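Here is a friendly note to read alongside the model. Take the points one at a time, and find each residue on screen as you go.

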Amino acid sequence: MADSIMSKAATMEIPINSNGDTGTLPEDDSLEQDLQQVMVSGPNLNETSIVSGGYGGPAGGIIPTSTIKGPAIHYNPEYLDRRRAPAPGPDIRMKSRGVNLPHSHSSASRLAHHSDQHPGSSNHNTSPTEEVSRGVAVEKLDSVKKWGINTYKCTKQMFSEKFGRGSRTVDMELEAQIELLKDTKSKYENILRLATALISHFQSMVQTQQALGDTFTDLSQKSPELQDEFGYNAETQKLLCKNGESLLGAINFFVSSVNTLVNKTMEDTLMTIKHYENARLEFDAYRSDLEELSMGPRDAASMVRIEMAQHDYQIHRDKYERLRSDVTIKLKFLEENKVKVMHKQLLLFHNATSAYFAGNQQQLEQTLIQFNVKLKPPGSDKPSWLEEQ
């Protein structure tokens, strides 16, 4: 009975405010310090004892316990924050009367705050976008690495060939055809320059003849005593101007065809030859590398390197053989096309020039019809008034 009265008295001494929270006690600071010390260091479970009986019981009721093994207790600063500044909660008296109150979201907010402060506690899955970007970066790194190795080997081979220290693969027949093509292209480019200059000068002469014929026509109308003489010269200049425009059409057709042959057909073949020469340099570089490795020691590591070098050598050898075959085929078709095109264009140039300077207008017109040369109407080269705006 005395224990019951003392427990009730102890209970009655705990003050409760209107919201059901405990009031601020003077011994809170000491209690918080003791609690913080316990949370940091943790209780010594080896010395834990269970007190049997009620409050203030005899010392004989102490029962020592055995060692308890369990997880360590971590210090939570939020507990002390909540103890120092308690959030207003529902009134206990209202709760005892059956009044429904809205649920508090403080627990959810504390969990969210804890997850923000400790991001490592949750499992973060890598997104597919990051995996794709990482794969692309690895591929780029590998390509740069291969490019660097290939560039180093080719540069080394190139300097070795220039200084006479390395050997190179030579196809004498193919090299002669390539040199002939380069020389032919250079000479055809010279023909293009000269023919373009001829067109420019001859066009100026035709324009001068046209202006001169217009002047003769005007003077024949204003000079009755020289009307016939001015008229004859005006007709002659107009006829020369007309024939000159026909010859210009033939020369322009000649230049256009030769330009296509030189700057498209030959250039395409020379581009293939450039790829072939690069492949030849790579092939010789990897061939020299394989020869150097074959002359070295034959341990396990060297055999692995030799096997890899043999694989790279075979790849570049196949590439070299394929491009050499492509160059041979293109050179053959280029030669046939060149003969066919130049035969037609040289015949056109000869017939048109001979007919013009012979004054044979009929033969000049037949030459244009024979080679399907279409003349541009006068003034077609000038931009229209709409384009000038």
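**Notes on the model**

1. Let us start with a lysine. K338 is buried, because its relative accessible area is 15%, where buried means under 20% relative accessible area, exposed over 50%, and partly exposed in between (1.4 Å probe, protein chains only). K338 sits in helix α9; helices here are DSSP runs (H or I, at least four residues), as are strands (E, at least two), numbered from the N terminus.

2. A word on where this comes from. The model is predicted, so local features need pLDDT of at least 70 and side-chain atom pairs count only at pLDDT 80 or more, while totals for chains, interfaces and linings use all residues. Residues are numbered from 1 along each chain as its sequence is written, and side-chain values use heavy atoms, with hydrogens and water left out.

3. Which side chain does the side chain of K338 contact? The partner is the side chain of E335, in a polar contact at 3.3 Å. A polar contact is a pair of N or O atoms within 3.5 Å; within protein, one must be able to donate a hydrogen and the other to accept it, and residues adjacent in sequence count only if both atoms are side-chain atoms. E335 and K338 also meet in a salt bridge, with 3.3 Å from N to O. A salt bridge is a side-chain nitrogen of Lys or Arg within 4 Å of a carboxyl oxygen of Asp or Glu. Both residues lie in helix α9, three residues apart, about one turn of the helix. E335 is partly exposed, with a relative accessible area of 40%.

4. How many salt bridges does the structure hold? There are 17. Side chains of opposite charge can pair when their charged atoms come close. One of the bridges joins K156 to E292, with the closest N and O atoms 3.9 Å apart. This pair links distant parts of the chain, since K156 is in helix α6 and E292 in helix α8 (residues 227–294), 136 residues apart. K156 counts as partly exposed at 41% relative accessibility, and E292 is also partly exposed, at 47%.

5. Another salt bridge connects R324 with D171, the closest N and O atoms being 3.8 Å apart. R324 lies in helix α9 (residues 300–357) and D171 in the loop between α6 and α7 (172–222), so the pair ties together parts that are 153 residues apart in sequence. R324 is partly exposed, with a relative accessible area of 24%, and D171 is partly exposed at 22%.

6. In the model, residues 306–337 are 100% helix and 0% strand, and the end C-alpha atoms are 46 Å apart.

7. Now the aromatic rings. Rings of Phe, Tyr and Trp (its six-membered ring) pair if their centres lie within 6.5 Å; planes under 30 degrees apart count as stacked, over 60 as edge-to-face and the rest as tilted. By this rule there are eight aromatic pairs. F202 and Y356 make an edge-to-face pair, 5.2 Å centre to centre with 75° between the planes. F202 lies in helix α7 and Y356 in helix α9, so the pair ties together parts that are 154 residues apart in sequence. F202 and Y356 are both buried.

8. Y356 has a further ring partner: with F357 it forms an edge-to-face pair at 4.9 Å centre to centre and 85° between the planes. Buried or exposed, how does F357 count? F357 counts as exposed, because its relative accessibility is 63%, whereas Y356 is buried at 9%. Elsewhere, ring pairs link Y276, F283, Y313 and Y320 into a cluster.

9. One backbone detail to look up is N372, where phi is near 55°, a positive value in a residue other than glycine. N372 is in the loop between α10 (361–370) and α11 (385–388), and N372 is exposed, with a relative accessible area of 59%.
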